[in-house]
Amino acid sequence: MTSIDVHELTKEYGATRAVDRLSFRVRPGRVTGFLGPNGAGKSTTMRVVLGLDRPTGGSATIGGRPYARQTEPLRTVGALLDAQAAHGSRTPRSHLSSLAASNGIPMSRVRTVLEETGLGDVGARRIKSFSLGMRQRLGLAAALLGDPQVVMLDEPSNGLDPEGIIWIRELMKRLAREGRTVLVSSHLMNETASFADHLVVLGRGRLLVDMPMKDFLDSRSRPRVRLRTAEPRRLHSALASKGLTGIQAEDGRWVIDGVTAEAIGAIAAHERIHLLELADERATLEQAYLDLTADDTPFAASTTRDRQET
Amino acid sequence: MTLTAVLHSEWIKIRSIRSIYGSLIAVLATTLIITVLVLGTVGQEQAEQAGADAVLNAFFALSFGQIAAVVFGATAVSSEFLNGALRVSLAAVPRRSLFYAAKMTAIGGAVLVVGLVTTFTTFLVGQLFLGEHAIGLGHPGVLRAALGGGIHLALMALLAAGLATLLRSAIAVLSLLVPLLLIVPFVLVDVATAVLRYLPDRAGQAVLHQNPVDGPGPWSGLAVTALWAAAALLAGWWAVRNRDA
């Protein structure tokens, strides 16, 4: 089993501290979502893990070894950093062949990953004719080339069409099911919510959150209940007697803050009030994330922040 | 990960970008075409002039071919500095000295092979136009010029490749080297001839003369060019080892 271990990692560019004593572990068998505002240090962390940038302090290892010490790194770690990196004059086949050659990967893998990423028919076309989505698929093909135990993807759904987004979501889940270590950075919350099992959230280069997605949502959700009833008046007075107020929305639904469905259900049952619908309203990942990072966004517009506080 | 594997990878990279591979072929094409044009028209007259250097007359066109070699060396490296391509390359080959050594070996080796093919082909084809003035491979200085000319082209490509690694741009390298090769010699010709003879291309081209006058001798001139190339290669190595990608 191969984990990514980031230990007390610090990276400074001149006077700017991009990553600040960051420690976390990415474990195999699940998809870890890597979140944070622009400039939080996600890409820097990924580059240091890949040995591309030298850390100012601390260390990053994969399976206990620094990336540069892996004998044939692409067979252990596959990464997608920037879909534009493949030279436009090359064909997908020559781009992947040059990568396979240096890492002793059989050339048959080139064909396999091209087919797997839906580029089987365009393997001999120039990359410069590709759309962003196709380049993204090629970047994924390069990441999967060495059948690696660890997969690191920076914004993988960039430029993909809806089918592509569903495809990559299923791909990441499958990779995790196969026991691989999957780290995926994204700025799309609903996207991340649809594939991540675990979250690592950065803010200003520091670790804000490292926990299972469900725990994160629970920790950031204030209890709130949504319901519909056939007897609004009776419900209103029943709630008032318990010191609760419901707000009725235009569509007839009620929203009650500070309680769980369990408590409201008990009240309604006791008063024999006819309910048509009753559910806990959970925070979405987006709400939970914005709530968390409101104070840690270096470039947050003041209006966004004001909205957070209301 | 072996040097052979990384060399193979670097060769695929060279082969798969048409403009880069094209400039490698242009080393041969340019030299050959200019030789044929010049020797085919004024070759015999030149040979009859007093003090004519028959060897230099056979190989003079290499100074045009070397521009293609410089372009090849610079662009083969600069393609790595486009849109973060270097990150993909270094993720595949994280041992940076190995990566750099393989890339420079591929560039230098390719130009050496093409350069030797160029010098021999150019010589043999060029002599066809010289009638009674034609010389053979056994003529004094010819073999030396053919071998040395090939090495000179490889050294010029490595000089450009090392600089391109340091400057991360082919444009920067070409705007530095092309004037040095094409313009400076004409501007400085009267002022500082002694200095000129130690510029990278001038020094190496001593090997193309039958009897080099003044300045460094044929092999020592090539050694001077080798020193220039080595300095550029070391600077590039330092940059690859120490910079963040």
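How many cavities of 30 Å³ or more does the rule count? The count comes to six, a cavity being a set of points, on a 1 Å grid over the protein atoms alone, where a 1.4 Å probe fits but cannot get out.

## Basis

The model is predicted: local features need pLDDT of at least 70, side-chain atom pairs count only at pLDDT 80 or more, and totals for chains, interfaces and linings use all residues. Residues are numbered from 1 along each chain as its sequence is written, chains are lettered from A in the order in which they are written, and side-chain values use heavy atoms, with hydrogens and water left out.

## Interface of chains A and B

Contact (heavy atoms within 4.5 Å) joins 30 residues of chain A to 29 residues of chain B. The buried area, which is the accessible area (1.4 Å probe) that two parts lose on being put together, summed over both, is about 2400 Å². Carbon and sulfur atoms give 57% of that area. On the chain A side, Leu52(A), Arg90(A) and Ser102(A) lose the most area to chain B, together 24% of what that side buries.

One salt bridge (a side-chain nitrogen of Lys or Arg within 4 Å of a carboxyl oxygen of Asp or Glu) is found across the interface. Lys11(A) and Asp244(B) form a salt bridge through their side chains, at 2.7 Å from N to O.

Strand E1 (4-13) and helix H2 (92-102) of chain A each supply at least two residues of the side that touches chain B. H2(A) gives the most, with seven residues.

## Largest cavity

The largest cavity has a volume of about 290 Å³, taken as the space filled by probe spheres set on the points. Of its 23 lining residues, Ala79(A), Leu80(A), Leu81(A), Ala142(A) and Val88(B) are the closest to the centre; lining residues have an atom within 4 Å of a point. The lining comprises 16 nonpolar, four polar and three charged residues.

## Second largest cavity

The second largest cavity, of about 110 Å³, is lined by 13 residues. Nearest its centre lie Arg90(A), Lys13(B), Glu80(B), Ala85(B) and Ser89(B). H2 of chain A and H5 of chain B each give two or more residues to this lining.

Notes. Helices (H or I, at least four residues) and strands (E, at least two) are DSSP runs, numbered from the N terminus. On a 1 Å grid over the protein atoms alone, a cavity is a set of points where a 1.4 Å probe fits but cannot get out, and a pocket is an open set with protein on both sides within 12 Å along at least five of seven lines; lining residues have an atom within 4 Å of a point. Ala, Val, Leu, Ile, Met, Phe, Trp, Tyr, Cys and Pro count as nonpolar, Asp, Glu, Lys and Arg as charged, and the others, Gly among them, as polar.
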